[in-house]
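Reader: I'd like to learn how to read helix packing and ligand contacts in a model. Could you walk me through an example?

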Amino acid sequence: VESGESVVEVGCGTGAMLIELAQTVGKKGRVLGVEPQPGLAIDARRRIASAGVGSFCSVIEEHGQALSFDDESVDVALTQTVLTHLPIDDVHATLAEMVRITKLGGRVTAVEQDCDTWTIDHPDRSLTRAIVAFNNDERSADGWRGRQLPRLFTEAGLDARATIHTQVDTSRGSYLFALCERIVEASADAGAIKNQEAASWLRTLTEQAERGCFFSTINYVICVGTRGT
Ligand SMILES: C[S@@+](CC[C@H](N)C(=O)[O-])C[C@H]1O[C@@H](n2cnc3c(N)ncnc32)[C@H](O)[C@@H]1O
């Protein structure tokens, strides 16, 4: 994203990325967040106001499948960790809308985790595999959305270029340690693993982390497509 550009972020949540986008495009640009959950949209508006970018950054409450923007009206349409949570028909509809509102020569971008690329260094391989599979298969509409992005972009008429960002976490206070805690508990609650197994698995992981030996990674697929004629 460059200075002076107009950008729409679909599924902006509480607006953390809107602020970075606004600081990048500056006052000559425009940033619009799309967020269907009113509570999150309110939080995003508060964040925009306190960052002092409200004159060129705002949030509207709507779904990605039915955007109210004009055809070919923005330079960049992007979305981050949203498509994983949408059923496939809504993914196709949202990408079609993002293409429709993007100017010819503009960019459509999506970033999604690929949940089956989650690695955790733990001595119990079979239980670790069960927890990763539970997260991939049961916690979102499709945990493979990341690897599907290049195909989905091509099907939407975009020339897709994909790169990978690998998140690497090594501390107990990290995002991936918190994900381990959350998903092992959810796996036990859903009956995918036993409560005792969950407690023992997490105890071992915590002991490892306290010895400075926590290591976990997950891949994000970043897909950029240019809107052709
Ligand atoms: C995991 S959060 C990601 C939020 C933000 N993009 C981020 O990276 O922090 C998913 C977001 O997608 C929004 N969302 C869910 N369904 C949507 C839809 N149909 N269209 C647009 N956004 C949607 C949710 O309300 C939520 O804010």
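Author: Happy to! In this predicted model, let's begin with helix H3 (residues 88-101) and helix H5 (residues 145-155), which pack at an angle of about 50° with their axes 11 Å apart. Angles from 65 to 115 degrees would be roughly perpendicular and those under 35 roughly parallel, so H3 is oblique to H5.

Reader: What is the handedness of the crossing of H3 and H5, and which residues make the contact?

Author: The crossing is right-handed. On the H3 side, the contact is made by Ile88, Val91, His92 and Leu95, and H5 brings Arg145, Leu152, Phe153 and Glu155. Sorted by class, the residues of this contact are five nonpolar, one polar and two charged.

Reader: How do helix H1 and helix H2 pack?

Author: Helix H1 (residues 16-25) packs against helix H2 (residues 38-51) at an angle of about 35°, and their axes are 9 Å apart. H1 passes H2 in a right-handed crossing. Here Ala16, Leu18 and Ile19 of H1 meet Arg47, Ile48 and Ala51 of H2. That contact has five nonpolar residues, one charged and no polar.

Reader: Now the ligand, please. Which residues around the ligand come nearest?

Author: There are 17 residues around the ligand, and Gly11, Glu35, Gly64, Gln65 and Gln80 come nearest. For polar contacts, look at pairs of N or O atoms within 3.5 Å. A polar backbone atom of Gly11 is 2.7 Å from a nitrogen atom of the ligand.

Reader: Which side chains have a polar atom by an oxygen atom of the ligand?

Author: Gln37 has a side-chain N or O atom 3.0 Å from a ligand oxygen atom, and Thr81 has a polar side-chain atom 3.2 Å from an oxygen atom of the ligand.

Definitions and conventions:
Residues are numbered from 1 along each chain as its sequence is written. This is a predicted model: local features need pLDDT of at least 70, side-chain atom pairs count only at pLDDT 80 or more; totals for chains, interfaces and linings use all residues. Side-chain values use heavy atoms; hydrogens and water are left out. Axes are lines fitted to C-alpha atoms, for helices over the stretch in contact, and angles run from 0 to 180 degrees between N-to-C directions. Helices (H or I, at least four residues) and strands (E, at least two) are DSSP runs, numbered from the N terminus. Angles under 35 degrees count as roughly parallel, over 145 as roughly antiparallel, 65 to 115 as roughly perpendicular and the rest as oblique. A crossing is left-handed if the near helix is turned anticlockwise from the far one by less than a right angle, and right-handed if clockwise. Contact means heavy atoms within 4.5 Å. Ala, Val, Leu, Ile, Met, Phe, Trp, Tyr, Cys and Pro count as nonpolar, Asp, Glu, Lys and Arg as charged, and the others, Gly among them, as polar. A residue is near a molecule or strand if one of its heavy atoms lies within 4 Å of it. A polar contact is a pair of N or O atoms within 3.5 Å; within protein, one must be able to donate a hydrogen and the other to accept it, and residues adjacent in sequence count only if both atoms are side-chain atoms.
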